[in-house]
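Here are a few points to go with your first look at this structure. Please read them with the model open.

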Amino acid sequence: MPRSPFTNAFSWSKSRHEKFNECLRSYYLYYYRSWGGWEADAPQEVRELYVLKKLSNRYTWAGSVVHESLKDVLLDWRAGRTVDPQAVEARTHRLMQDDFRHSSKKSYWTAKYRKPFTGLVEHEYAEAVPGEAWKQNWETVRAALAWFFNSRWPALARSLKSAQWLEVDAGAEHSSFTLEGVKVFAIPDFAYVDEAGHPVVVDWKTGRVREGYDDQVLGYALYLSQRYKFPMEKVRAALVYLNEGLEQEVHVDPAAVEAFKERFTQSVAGMRGLLKDPATNTPREAEAFPLTENLASCVRCVFRRSCQREDAAARFQPPQVA
């Protein structure tokens, strides 16, 4: 049967909110101008923007590799299979080596590769990254896996009965809910029901503790409540910082949920305010999405060439801390 054409329907996610706040032009290029770039007959500019939007930087790449490995581990335990931590580490190392080779050749412009990885922005812009920095990237991944296997989580996961498992990083095509008429993407890394009957949602982090992560897991809590019909007051949530060895409980109480909904409403209103036709999710012209004045954002941005900020980003020097 012929496949139905994709439509660029409006939706919300925490990552979309962050991109909207960081740089409106990047937001426009990512969610609108690059749309359809996967098609064989896409205009060259659109195709290039689509490839660029799929690139990672070395830090987000490390985080995604850890998430992929833990997803496979949890699915093995869910199926009752034995997991060898050393084999997981070795397989993950080989995966990163293959990723690096693929990216360093810029093969992402011509060859399909595994999802979700395509390539690295450092290679696209020929950034001078020393070898020790790449080695440290692997050490970040290795340390996160080592902490996980020595934490309480393996014993907990293996102790769960079949009915207690809810989700393991199901992916964007499966994990969404509706809030105030808007489709919201929420992809928990791990969700289960504990012995007391409380649904628990867990989000793995490989970076440092920072503000804003609470909203991410509050969205996950709303998703679990809506999809599995759990009362909100029963849901528990946790942020687990694998490289910090830290677990942080996120309170899912009425006040926190209402505050999240208020921030969500404001975020959606801001995004829709830049649409020419909200019903069809048609944006205004590019000029309505100005470039950020914060060059620190451009240094990390995949679209710096498209925005003619490549040279400025290369020359940018972060302010010195006294």
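1. Start with helix H1, residues 14-22. Lys14, Arg16, His17 and Phe20 are buried there. These residues span an arc of only 160° around the axis, which places them on the same side of H1. An α-helix has 3.6 residues a turn, so residues three or four places apart point the same way. Keep in mind that this is a predicted model.

2. What covers that buried side? The cover over the buried residues of H1 includes strand E1 (11-12), helix H2 (24-33), helix H9 (213-228) and helix H10 (254-272).

3. Next, the sheet. Five strands form an open sheet in the order E2-E5-E6-E7-E8, and the pairing is mixed. Strand E2 (165-167) and strand E8 (246-250) stand at the edges. Each has a single partner strand, so one side of each lacks a neighbour in the sheet. On average, neighbouring strands are turned by 25° against each other, direction ignored.

4. Look at the pair E7 and E8. Strand E7 (residues 236-241) runs antiparallel to E8, and five bridges join them. Alanine 237 has valine 250 in E8 as its bridge partner.

5. H9 packs on this sheet. H9 touches E2, strand E5 (190-193), strand E6 (199-205), E7 and E8. The direction of H9 makes about 145° with that of E6.

6. Finally, a helix pair. The axes of helix H5 (residues 85-104) and helix H7 (residues 131-149) come within 11 Å and cross at roughly 155°. H5 and H7 are therefore roughly antiparallel. The crossing is right-handed. Contact residues include Val88, Met96 and Phe100 of H5, and Trp134, Trp138 and Leu145 of H7.

Key
Residues numbered from 1 in each chain as written. Predicted model: local features only at pLDDT ≥ 70, side-chain atom pairs only at ≥ 80, totals over all residues. Heavy atoms only, no water. Buried < 20%, exposed > 50% of the residue type's maximum accessible area, 1.4 Å probe, protein only. Helix = DSSP H or I, 4+ residues; strand = E, 2+ residues; numbered from the N terminus. Arc of directions from axis to C-beta. Contact = heavy atoms within 4.5 Å. Pairing = 2+ DSSP bridges. Axes fitted to C-alpha atoms, helices over the stretch in contact; angles between N-to-C directions. Parallel < 35°, antiparallel > 145°, perpendicular 65-115°, else oblique. Left-handed = near helix turned anticlockwise from the far one by under 90°.
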